[in-house]
Amino acid sequence: MADGDLDPVIHAQARLRIMATLAGLPAGDEISFPRLRSILDFSAGNLSTHLRKLEEAEYVTQTKTFVGRTPATYVALTPRGRRAFETYTESLSALLGGTPT
């Protein structure tokens, strides 16, 4: 990817919203799948599809566990994902502001 190019994995609107939400969490924190789905107002299937793409790029991790007897999934931004999002926002700012990166 050349300087100034926008990461196509992040650039899709749904994935950009996911990344922006996760980037708002402190590094190392995670959010439950239902909470993320509620914040973004996505269907479970739509959120799963986009999380899978972000996971394939190693931008997010999903941890599956149990709370009592109930399955629970937690989502977190990886350090690679945080760097990719920062690069994406810098590239977008440069593109909109005309400042080279």
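**Entry 1: Met-19.** I looked up the contacts of Met-19 and, setting aside residues up to four places away in sequence, found Ile-10, Leu-54, Tyr-59, Val-60, Leu-77, Gly-81 and Phe-85. Contact here means heavy atoms within 4.5 Å.

**Entry 2: ground rules.** The model is predicted, with local features needing pLDDT of at least 70 and side-chain atom pairs counted only at pLDDT 80 or more, while totals for chains, interfaces and linings use all residues. I number residues from 1 along each chain as its sequence is written, and side-chain values use heavy atoms, with hydrogens and water left out.

**Entry 3: the chain.** I found five helices and three strands in the protein chain, in the order α-α-β-α-α-β-β-α along the sequence. These are DSSP runs numbered from the N terminus: helices are H or I with at least four residues, strands are E with at least two. The C-alpha atoms fill a box of roughly 55 × 25 × 20 Å along the principal axes. Of the 101 residues, 32% count as buried. Buried means under 20% relative accessible area, exposed means over 50%, and partly exposed lies in between (1.4 Å probe, protein chains only). Taking contacts between residues at least 6 apart in sequence, I note that 50% join residues at least 24 apart.

**Entry 4: helix H2.** Which residues of H2 (residues 13-23) are buried? I list Ala-14, Arg-15, Ile-18, Met-19 and Leu-22. Seen down the axis of H2, these buried residues fall within an arc of 130°, so they line one face of the helix. The arc is taken from the directions from the helix axis to the C-beta atoms. An α-helix has 3.6 residues a turn, so residues three or four places apart point the same way.

**Entry 5: the core.** The largest nonpolar core has 21 residues, and Ile-18, Met-19, Leu-22, Leu-36, Leu-47, Leu-51 and Val-60 touch the most other members. Such a core is a set of buried Ala, Val, Leu, Ile, Met, Phe, Trp, Tyr and Cys residues joined through side-chain atoms within 4.5 Å. At least two residues each come from H2, helix H3 (33-40), helix H4 (44-56), strand E3 (70-77) and H5. H2 gives the largest share, four residues.

**Entry 6: Leu-22.** Leu-22 is in helix H2 and counts as buried at 1% relative accessibility. Beyond its neighbours within four places in sequence, I find Leu-22 in contact with Ile-31, Leu-36, Val-60, Val-75, Ala-76, Leu-77 and Arg-82.

**Entry 7: two buried arginines.** Arg-15 is buried but has no salt bridge, and Asp-7, the nearest side chain of opposite charge, is 7.6 Å away. I count Lys and Arg as positive and Asp and Glu as negative, leaving out His and the chain ends. A polar contact of 3.2 Å does join the side chains of Arg-15 and His-50. That term covers a pair of N or O atoms within 3.5 Å; within protein, one must be able to donate a hydrogen and the other to accept it, and residues adjacent in sequence count only if both atoms are side-chain atoms. Arg-82 sits in helix H5 (residues 79-97). Arg-82 is also buried without a salt bridge, with Glu-86 as the nearest side chain of opposite charge at 5.5 Å.

**Entry 8: salt bridges.** How many salt bridges does the whole structure hold? My search finds one, between the side chains of Arg-80 and Glu-58 at 3.8 Å, N to O. The criterion is a side-chain nitrogen of Lys or Arg within 4 Å of a carboxyl oxygen of Asp or Glu. Arg-80 lies in helix H5 and Glu-58 in the loop between H4 and strand E2 (60-67), so the pair ties together parts 22 residues apart in sequence. Arg-80 is partly exposed at 43% relative accessibility, and Glu-58 is partly exposed at 48%.
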